[in-house]
Amino acid sequence: MAQLWGGRFTKETDRLVYDFNASVSFDKRFYRQDIRGSMAHVRMLAKQGILAEGERDVILSGLEGILADVENGRLEIGEQFEDIHSFVEATLIDRIGDPGKMLHTGRSRNDQVALDMKLYARDEVCALDGLVEKLLVVLERLMEEHTETVMPGFTHLQKAQPITLAHHLGAYFEMFKRDRQRFFDIYERMNFCPLGAGALAGTTYPLDREYTAKLLGFAGPTLNSMDSVSDRDYLIELLSALSTVMMHLSRFSEEIIIWNTNEYQFVEIDDAFSTGSSIMPQKKNPDIAELVRGKTGRVYGALISLLTAMKGLPLAYNKDMQEDKELTFDAIDTVKGCLALFTGMLDTMKFHKSRMAESARKGFTNATDAADYLVNHGVPFRDAHGIIGRLVLFCMEQGKAIEELSLEELKSVSPVFEEDLYEAVSMDTCVNKRLTLGAPGKRVMEQVLAANRKWLSEHPALTAAGKE
């Protein structure tokens, strides 16, 4: 059992206790961040005269060798080590001897793990932001292509008013744009360096925390050593943001699942993103959308688990906080996978324009516009509402859409109807006369698309700072 402590103890740790306590099986995933943080720490120690330049160079060379050997598979992070920190330090000492024992000067595992997790989360926020950006680019392209693709808009899963596919997809563009804005906020708020906080009360060594923070690309050092080692707010914020991303993906997936049914036939999912049935040869199942919908609860669970772990913890560090890693790692992996697959599915999906338009026409989505027609011809709205209700009932009895009725049939419901009604309730008119900003009319949709393009150009994907 390779561990960084033991002088105080007279007995070996029970094997079960050791295994239960150890974290190397999962925290080995941020070996890059641990080595990167150690290299910055060593440079700072030498700058402050705590290490000699020769000692600095030997340690840095040793750390670079460990990183290279892990990267190329020549060195395995074994589970005989308690955590990634012990692996790096023990391997360094084994390779360079006594100078390796100076690596931990002025540092605790508490501020070390706080740094590693922050560096890792910061890198992953950038990766996640890049994936959402790719999804937005696909959405923008589809919106550009479908400003004239008429479809029904829904409330309560009931056909309500005609819109365009561009307008419907635009709602998701706004959702995912907000998701990126949350990532920007999280990055800015978390970007302060905890290294130098020690176990909880700083250190007597003359550390230059501003220099270390600068080397690692942080905006500056954290300002309270107790908060530095016990803060997991940034992970709770990240898990909350990831839960919101998954909620948006799940809502979108649910609609795609509905649109893919035989009853709707609005979309066809590409074969590469579908599966079949083991017994029913006619089936083509929307498995990716269903899995995204299903994995949403998994990410929610990580958020609730970490909130629960943190809710009763006194200051400063407590071992409970080790639970943050597996939860966060799993949530990040899940969301990254879902974003990549969903974007690919959406990018290759076919939309059946004529089926969508027919669904809008047959669903009386122009009923509100027919009522507005009567109001514009002097009928009070409440009376117009009742007349159109009777008109829809008549259409249902006749098996016709409003615009399929003859003028004589229309007048049998209300003498106010004239020939100009047909133009007033056509799908194109119903959509394109809605010209308030944010509505589906083509003219205002073009303004929104221009604004979307501008926003994307002004907000490139986040890039992790301080990479060497």
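A residue is called buried here when its relative accessible area is under 20%, exposed when that area is over 50%, and partly exposed in between (1.4 Å probe, protein chains only). By this definition Ser250 is buried, because its relative accessibility is 14%. The structure is a predicted model, in which local features need pLDDT of at least 70 and side-chain atom pairs count only at pLDDT 80 or more, while totals for chains, interfaces and linings use all residues. Residues are numbered from 1 along each chain as its sequence is written, and side-chain values use heavy atoms, with hydrogens and water left out.

With neighbours within four places in sequence set aside, Ser250 is in contact (heavy atoms within 4.5 Å) with Val292, Arg293 and Thr296.

A nonpolar core is a set of buried Ala, Val, Leu, Ile, Met, Phe, Trp, Tyr and Cys residues joined through side-chain atoms within 4.5 Å. The largest such core has 98 residues, and Leu139, Leu242, Leu249 and Leu346 have the most contacts inside it. Helix α10, spanning residues 233–259, gives the most to this core, with 15 residues. A second, separate core has 22 residues, among them Ala367, Ile388, Val413 and Phe417. In soluble globular proteins, nonpolar side chains tend to be buried together. Around Leu139, the contacts beyond four places in sequence are with Leu169, Tyr172, Phe173, Phe176, Phe252 and Leu346.

Arg180, in helix α7 (residues 165–190), counts as buried because its relative accessibility is 0%. A polar atom of the Arg180 side chain lies 2.9 Å from the backbone oxygen of His459, and a polar atom of that side chain lies 3.2 Å from the backbone oxygen of Pro460. Outside its sequence neighbours within four places, Arg180 is in contact with Asp129, Val132, Glu133, Leu136, Trp455, Leu456, His459, Pro460 and Ala461.

Arg107 and Ser38 are 69 residues apart along the chain, with their C-alpha atoms separated by 9.7 Å. Neighbours within four places aside, Arg107 is in contact with Gly37, Ser38, His41, Gln112 and Leu195.

A further loop residue, Cys193, sits between α7 and α8 (209–215) and is buried, with a relative accessible area of 1%. Its C-alpha atom is 8.9 Å from that of Lys214, at a sequence separation of 21 residues. Among the contacts of Cys193 beyond four places in sequence are Leu115, Arg209, Leu216 and Phe218.

The strands β1 (residues 150–155) and β2 (residues 158–164) pair in the antiparallel sense over 6 bridges, pairing being assigned if DSSP finds at least two bridges between two strands. Met151 stands opposite Ile163 of β2, and the two strands form a hairpin with 2 residues between them. Both His156 and Leu157 lie in the loop joining β1 and β2. His156 has a positive phi of about 55° although it is not a glycine, and it counts as exposed at 75% relative accessibility. Leu157 has a positive phi near 60° and is exposed, with a relative accessible area of 57%.

The peptide bond leading from Leu315 to Ala316 is cis, with omega near 5°.

Notes
Helix = DSSP H or I, 4+ residues; strand = E, 2+ residues; numbered from the N terminus. Polar contact = N/O pair within 3.5 Å; in protein donor to acceptor, adjacent residues only side chain to side chain.
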